[in-house]
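User: I've got a model open and I'd like to learn how to read it. Could you walk me through a few features, one at a time?

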Amino acid sequence: MGDTGGVFGVYVHVPFCATRCGYCDFNTYTAGELGSTASPASWLEGLKRELELGVRQLGPRPAETVFVGGGTPSLLGADGLAAVLDAVRGSFGLAPDAEVTTESNPESTSPEFFEGIREAGYTRVSLGMQSAARHVLRVLDRVHTPGRPVAAAKEARAAGFEHVNLDVIYGTPGERVEDLQASLDAVLSAGVDHVSAYSLIVEDGTAMARRVRRGELPMPDEDVLAEYYELIDAKLSAAGLTWYEVSNWAASEDARCRHNLGYWRGGDWWGAGPGAHSHVGGVRWWNVKHPARYAALLAEGKSPEAGREELTDTDRHLERIMLELRLAEGLPLDALDADGRRESVGAAAEGLLDAAALGAGRAVLTDRGRLLADAVVRRLAA
């Protein structure tokens, strides 16, 4: 696999968490779950080896975006995150104006932490806030105090971060409209330039799914989710944050997350770490999930790859519609087949696609279309 041109990103998966959140189905582990089988040190050693393996496979290809996610990357501390970025720098290399993001849990951050990662070369921070309401955080099993995410965002900005994101989850059982209003007021008081807002999805196999099945919690209601989404969009838009992807709002073009745009536009990225997924030139592969197995394979000089697939033309066609249609710029009509173009005319007549944009050759979701984005994708891709 050689360089296929376009934006190249590196995603690093940190599999460690202090506690397990009831709604989370990510590949994460607490210290109690791992015991002595894996540690941040063995994970970092494996990560360095995997990135070196990546350069041997792809050749040197400076990363234009780096995204450290998880899990809870901030548990590594500023020195640990500096070592992660050094590993990327020492393998693929970094483009001169690279966007370098880390996710952080507000509870494991401090002014010194933000100063340390800024000095290390990080340019962007994404903080998990979820909600400002204590009872909503309790249902989500989130351990932070409600005011901490806003304080952390302000500390990040004071440390010199221009680009700070807060994540909000809406539609948690028991969340009232006034709880969401309070959360949005808190977000706006933090002065961040990016907000991600996701509706709660009850994933199979999670503690929350078991509580819903037992009747302890109601499933999120679709009509309520739509009403909350409209409220979020109206409030963020009024404050100068514009949607550029269905779940993401930014204060300017510079504030948009370039790494995620790479995913949505079908770019290439190397995903390093346990369970991480990669995509280069129409080939997708993924790593073994357990941190101990991941580190052991790499220590033996083996690849941690668990499986791979070559995307067919049909796969790529469907994924392009699914991802690009979620963007504010939409999808060029020539990416659709004849049936898809015919469906797009019907969707515009129903107010789901912007009629003027359609006339100019693009399928762009209207406000109503954003609420029904998945259904519109199914129609255009059928």
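User: Let's start with Leu 94. Which strand is Leu 94 in?

Analyst: Leu 94 sits in strand E3, residues 94-104; helices (H or I, at least four residues) and strands (E, at least two) are DSSP runs, numbered from the N terminus. Keep in mind that this is a predicted model, where local features need pLDDT of at least 70, side-chain atom pairs count only at pLDDT 80 or more, and totals for chains, interfaces and linings use all residues. Residues are numbered from 1 along each chain as its sequence is written, and side-chain values use heavy atoms, with hydrogens and water left out.

User: How is Leu 94 classed for accessibility, and what is Leu 94 in contact with?

Analyst: Buried means under 20% relative accessible area, exposed over 50%, and partly exposed in between (1.4 Å probe, protein chains only). Leu 94 has 25% relative accessibility, so it counts as partly exposed. Contact means heavy atoms within 4.5 Å. Leaving aside neighbours within four places in sequence, Leu 94 is in contact with Pro 62, Ala 63, Val 66, Leu 85, Val 88 and Arg 89.

User: Now the loops. Is Ser 247 buried or exposed?

Analyst: Ser 247 lies in the loop between strand E7 (242-245) and strand E8 (248-250). With a relative accessible area of 10%, Ser 247 is buried. Not counting residues up to four places away in sequence, Ser 247 touches Val 195, Ser 196, Ala 197, Tyr 198 and Arg 326. Compare Gly 301, in the loop between H11 and strand E12 (305-310): Gly 301 is exposed, with a relative accessible area of 63%.

User: What about backbone angles? What is phi of Gln 130?

Analyst: Phi of Gln 130 is near 70°, a positive value in a residue other than glycine. Gln 130 is found in strand E4, residues 124-130, and counts as buried at 6% relative accessibility.

User: How do I read two packed helices?

Analyst: Two packed helices are described by the angle between their axes and the distance between the axes. Axes are lines fitted to C-alpha atoms, for helices over the stretch in contact, and angles run from 0 to 180 degrees between N-to-C directions. Here, the axes of H2 (residues 40-58) and H11 (residues 291-299) come within 9 Å and cross at roughly 50°. That makes H2 oblique to H11: angles under 35 degrees count as roughly parallel, over 145 as roughly antiparallel, 65 to 115 as roughly perpendicular and the rest as oblique.

User: Which residues of H2 and H11 make the contact?

Analyst: From H2 come Ser 42, Trp 43, Gly 46, Leu 47, Arg 49 and Glu 50, and from H11 Tyr 294, Ala 295, Leu 298 and Ala 299.

User: And how do I spot a buried helix face?

Analyst: An α-helix has 3.6 residues a turn, so residues three or four places apart point the same way. In H16 (residues 373-381), Ala 373, Val 376, Val 377, Leu 380 and Ala 381 are buried. Seen down the axis of H16, they fall within an arc of 120° and so line one face of the helix; the arc is that of the directions from the helix axis to the C-beta atoms. On the other side of H16, Asp 374 and Arg 378 are exposed.

User: What covers the buried residues of H16?

Analyst: The cover includes helix H12 (313-324), helix H13 (338-349), strand E14 (362-363) and helix H15 (367-371). The axes of H12 and H16 come within 9 Å and cross at roughly 145°. Leu 318, Ile 321 and Met 322 of H12 meet Val 377, Leu 380 and Ala 381 of H16 in that contact.
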